[in-house]
Amino acid sequence: MRREEAREVNPAQRVIASIERAILYEDEGLMIVNKPAGIAVHGGSGVSAGVIEALRAGRPDAPFLELVHRLDRDTSGCLMIAKKRSMLRHLHDLLREDKMDKRYLAWSKEMEG
């Protein structure tokens, strides 16, 4: 098994600032980000950095920032980021036990008719 070496990711300052402006809610354990379409939630598959890397780069003193769930790169919407391991476990439990409602709504120009 061959593993890729960990490399330091440095998202552009404009991406970091854009993600910071997209924060809809934040408290000591949770952050909700309005992820725009076209930005990945994390690096990989040809993408060097995404929302989580931008947040980590913009908040180097934050001890814990982890994605609660993902959205496709081309999908916009609310993205939950846990700021504490206990919050991450709690939200994962809610998702796994179907105690959280996760909805996807589609919109297109044709629908405006």
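## Basis of the description

The model is predicted, and local features need pLDDT of at least 70, side-chain atom pairs count only at pLDDT 80 or more, and totals for chains, interfaces and linings use all residues. Residues are numbered from 1 along each chain as its sequence is written, and side-chain values use heavy atoms, with hydrogens and water left out.

## The sheet

Helices (H or I, at least four residues) and strands (E, at least two) are DSSP runs, numbered from the N terminus. Four strands form an open sheet in the order S1-S2-S4-S3, with antiparallel pairing; two strands pair if DSSP finds at least two bridges between them. Strand S1 (23–26) and strand S3 (66–67) each have a single partner strand and stand at the edges, so one side of each is left without a neighbour in the sheet. The antiparallel strands S2 and S4 are joined by six bridges.

## The nonpolar cores

A nonpolar core is a set of buried Ala, Val, Leu, Ile, Met, Phe, Trp, Tyr and Cys residues joined through side-chain atoms within 4.5 Å. Buried means under 20% relative accessible area, exposed over 50%, and partly exposed in between (1.4 Å probe, protein chains only). In soluble globular proteins, nonpolar side chains tend to be buried together.

The largest nonpolar core has 16 residues, of which Met31, Val33, Leu55, Leu79 and Ile81 touch the most other members. Helix H1 (13–21), strand S2 (30–35), helix H2 (51–58) and strand S4 (77–82) each give two or more residues to this core. H2 supplies the largest share, four residues. Apart from this core lies another, of eight residues, including Ile32, Val68, Ala82 and Leu88.

In H2, the residues Val51, Ile52, Glu53, Ala54 and Leu55 are buried. The cover over the buried residues of H2 includes H1, S1, S2, S3 and S4, where contact means heavy atoms within 4.5 Å.

## A buried lysine

Lys35 belongs to strand S2 and stands opposite Gly77 in S4. Is there a charged partner for this side chain, or none, and which opposite charge is nearest? Lys35 is buried yet has no salt bridge, and Asp74, the nearest side chain of opposite charge, is 7.2 Å away. The side chain of Lys35 does reach the backbone oxygen of Thr75, at 2.7 Å.

## Salt bridges

A salt bridge is a side-chain nitrogen of Lys or Arg within 4 Å of a carboxyl oxygen of Asp or Glu. The whole structure contains seven salt bridges. One of them pairs Lys83 with Glu26, the closest N and O atoms being 2.7 Å apart. This pair links distant parts of the chain, for Lys83 is in the loop between S4 and H3 and Glu26 is in strand S1, 57 residues apart. Salt bridges that share partners join Glu20, Glu26, Arg59 and Lys83 into one network.

Arg56 forms a salt bridge with Glu66, with the closest N and O atoms 3.0 Å apart. Arg56 lies in helix H2 and Glu66 in strand S3, so this pair ties together parts that are 10 residues apart in sequence. Arg56 counts as partly exposed at 35% relative accessibility, and Glu66 counts as partly exposed at 30%. Another salt bridge joins the side chains of Arg103 and Asp101 (2.5 Å, N to O), and both of these residues are exposed.

Note on methods:
Lys and Arg count as positive and Asp and Glu as negative; His and the chain ends are not counted. A polar contact is a pair of N or O atoms within 3.5 Å; within protein, one must be able to donate a hydrogen and the other to accept it, and residues adjacent in sequence count only if both atoms are side-chain atoms.
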